Structures are given as structure tokens and as C-alpha cells.
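Please read the points below alongside the sequence and the coordinates. They are meant for a colleague who is meeting this structure for the first time.

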Amino acid sequence: MNEDNQEQFDAIIIGVGQAGKPLALDLAGKGWKTAVIERNFLGGSCINYGCTPTKSLIASAQIAYHARRSGDYGITTGDVRVDYPAVKKRKDEIVEQFREGIQKKFDEAEHLTLIRGEARFTGPKQVEVALNEGGSRTLTADHIFIDTGTSPRKPDLPGLDDVPWLTSTSLMELEELPQHLLIMGGGYIGLEFGQMFRRFGSEVTLIERGDQLLSREDKDIADEMATFLRDEGIIIHLNTQIERVNQDASGAIELSLKTGDKSDKVSGSHLLIAIGTTPNTAALNLEAVGIETDKHGYIQINERLETSQPGICALGDVKGGPAFTHISYDDYRVIRQNLLEGGNATITNRPVPYTVFTDPQLGRIGLSEREAHEQGRTFKIASIPMSSVARAIETSQTNGLMKAIVDADTGQILGAAILGLEGGELMAMLQIAMMGNVPYTSLKDAVFAHPTLAESLNTLFGEIE
């Protein structure tokens, strides 16, 4: 290609996720001539398909649930009806507000060029963009950042190509509630959507091939989660394989199940596939620049987020590892410190807190009991049911349990799982204690305001002798 047709930039960012957006604004703010390439919506998974829309819907579902429970608090209401089009409209308006906020910041930024299209590498420092409006542009830069994220993974399931099925993205675009939602997968996404749509009024059946929900969590946490989800009316099949999917003459979707030696069938109106994600790397033509990926297509990086190709870094979910918005944002922090502030930041040993936004929430930080065993740690366990927490009793929200792992020799908190009222917020307190090397004894003897959830840490750590 004629070099006269190439556009020279200081930096190219492919994808506007939770890492790419702030990095673009920072680079442009420092006077770097920056090109940002986005083929779809600004904001990445979080704003468009993940955090923002799902938590907006979950908020509506919680209102419906607590309205139906109003009698438990001595409050009488009439029939509770869900106006799902209005629920979806609220969600859409919040998402659009966030998108417009990013667009406005980009429009106001100097030295920043937003290009709508699909990017592919054509050389070590060269990217060709197939423009959404037609035609193409060829860009070059010494610094290129890949922030293209992931998409829902499709399983190899006989019959799936012959039936309509949903991802977490397309499910949120339905205009009407599913009568009976079938969910393949008992992970974080499957549970959040399962409880949400059950509270909206759908029948929900969840199928998980493993022996527990939430395969990364300790069994006591997973079992407690399954208990209260079943109490809400969700049917859960564990140790169950889906062998085939069909659609009958009436349009119902039928799953052929296998649990041990037992065969069964279940039918529903809609099918959600929630078994994980796959990286958005297929269209990037990474082989043209020798960027290494693993067998699943995730980009391989070092502790500074650098790929095998000098000058090219990968940020966010596309590199594999924990797929959380706050991890993507921390990737941006690492790049910013190293590139713009002369730092030497890495992703080595950074904490990975997260919250599953079921109701009650599951907040997690550090090691689980299983991981502590696998590492050969000598540890103690602190655990109490939420039915022992005053604030939970007072609010009639006693589902769940609190659990912490403590080093037996040093008293340092190694990890915690808080499955209970505001579990994510309470977990953050323990994360701060871990960051400050505060021993569990300090929390056991601390004076917390009453009646707050925080004071339950007195009780939790008081269980350790």
C-alpha cells in the first residue's frame, strides 16, 4: 500500500471498553494524537451488555419481590404487576445516558479521533479499519492497545442451530417476559438472570452440569445460594447434561437431559445459553503481527500487559483472566502509570474482589477455603449464618452466610465470602483490612456502630478460638 494513504497516530486503541475509554482520554489529554476504533456501542460490555443494564433490571426485580413480601413487614398492598416494557424502557434509558456521556467526552477531547468500524492488523504497527459507513482507512502508530472484550460462548449442542436461543445480551432486548425461561449454565450470569426473571414472574429452570452452582466457590456457599433460589421457585438441575435441544410444533423449546443414568425432558418458551465467553479476536488478524494467543483465542500478555509484539498491549477481558469491569479499569491504571507517569506498575498479585448481584449478594475477595487447602495453608475458618446478624433479622433478610479464611499463625485475613445483605459492600471492608494487613483480632475487638452490618464482623471473627 502507498504510504501516502496511511494516517499516522501516536496511539491506536481498538475497542472502547472500561480500559480503552479512560486511556484514550488520558493519552489525548497529554497531547497524543489518538485514534479510537469501535465497531459497535461505546462503553464495552459493562455499559451495554453487563453491569449497567443487568443491575438496572435487577433493581426493578428487587422492587417487585419486596412489594410481594410487604406483608412480612406489616404492610398491605394490592396486586403487584410487572410492566415489563416499562422495566425495559428504564433500563434502555440508563444505558443510553451512559453511552451519551462517553460520546460527549470524546467529542470534547482534543487530539482524539473516533472511528466507527472493524479493525484488523495488516502489519506490526498498522491497522486497517473497515468503516461501518463503507470504505476503509489505514492507520499506523507506535503504540497500539487492544480492548475488544469477549462475546457469549456458543456450546456444541446437538439441535441448537435449529432453535431460537438467547444470550445474556439478546435476552435483555425481549419486549415481553418469557413464560418459562430455560437456562444452560449455573455461573454468575445464569444465577443473576434466573433470579431476576423469576421475580418478574417467569418460570425458571436452570441446568448445570457440575455438582454445584458457582463452580469457583466453596460448596457451602454454593449450597446456600441454591437453597434460597429454590425457595423462590427456581428449578435447579445439578450434575445434568443437556444432550439435545428441539422445538416442537407449538414453538416450545425442549431439552433432553441426562442426570447420571436417568433421562428426562424439560420444555420452556425461551432458552438462555450462559456458559461463559469467547474473546473477540477472530477479526483482528493477529497472525499478521505474530501476537500470541492461547488455545481459546485469548491474547497472551506479560505482567505489564504487553503482548508478544513490541508496542502492542492488551487490556480487559480479551486477555483472559478475571472478567470484571474493575479489573479492566485497573489494566488502564497499569498502562497509564507506566506509559505516562514513568512508573513500573504490574498486574502481579493484585486483589480480585467481585460481587455476584443475586439477592442477597455474594461478595468475594482473596482465597476460598478450597484454594487455601490447595496452597497448603494452615488456616482457620470463621463462619456465621446471616440469621445471626442483627441487621439482617431487623430487615427480614436473613438468607446467606458470612465466611472468612484466616492464617492460623499470623491472624491475617486470607479471604472472605459474604453471601448476605449488602455482601459486596461488607466484603470491601475485609478487603481494606487485608490491604492494610489488619489482623482479624482487630476487627473482632473493634467498636462498630449499632445496628449496622459492619458490627457483624465482631460476631464473625469471635467464632475463631
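1. Helix α1 (residues 20-29) and helix α8 (residues 325-340) have axes 9 Å apart and pack at an angle of about 20 degrees, so the two helices count as roughly parallel to each other, a label used for angles under 35 degrees. Axes here are lines fitted to C-alpha atoms, for helices over the stretch in contact, with angles running from 0 to 180 degrees between N-to-C directions. Residues P22, L23, D26 and L27 of α1 meet Y329, Y332, I335, R336, L339 and L340 of α8, where contact means heavy atoms within 4.5 Å. Helices (H or I, at least four residues) and strands (E, at least two) are DSSP runs, numbered from the N terminus.

2. A word on the source: this is a predicted model, in which local features need pLDDT of at least 70 and side-chain atom pairs count only at pLDDT 80 or more, while totals for chains, interfaces and linings use all residues. Residues are numbered from 1 along each chain as its sequence is written, and side-chain values use heavy atoms, with hydrogens and water left out.

3. Leaving aside neighbours within four places in sequence, F197 is in contact with Y84, L171, L177, P178, L181, S202 and V204.

4. Which side chain makes a polar contact with the side chain of D218? The partner is the side chain of K403, at 3.0 Å; a polar contact is a pair of N or O atoms within 3.5 Å, and within protein one must be able to donate a hydrogen and the other to accept it, while residues adjacent in sequence count only if both atoms are side-chain atoms. D218 lies in the loop between β10 and α7 and is buried, with a relative accessible area of 9%, where buried means under 20%, exposed over 50% and partly exposed in between (1.4 Å probe, protein chains only). Not counting residues up to four places away in sequence, D218 also touches Q212, S368, E369 and R370.

5. Q126, found in strand β5 (residues 126-131), is buried at 17% relative accessible area, and its side chain makes a polar contact of 2.6 Å with the side chain of T122.

6. R230 lies in helix α7 (residues 219-231) and, at 40% relative accessibility, counts as partly exposed. A polar atom of the R230 side chain lies 3.3 Å from the backbone oxygen of I236. R230 and Q195 are 35 residues apart in sequence, yet their C-alpha atoms are 9.7 Å apart in space.

7. Some backbone details deserve a look. A cis peptide bond joins D359 and P360, with omega of about 5 degrees, and the bond from H450 to P451 is cis as well, with omega near -5 degrees. N285, which is not a glycine, has a positive phi of about 55 degrees, and L305 has a phi near 70 degrees. The loop between β16 (277-279) and β17 (312-314) holds N285, and L305 has its place in the loop between β16 and β17. N285 is buried at 16% relative accessible area, and L305 is buried at 0%.

Note on methods
Angles under 35 degrees count as roughly parallel, over 145 as roughly antiparallel, 65 to 115 as roughly perpendicular and the rest as oblique.
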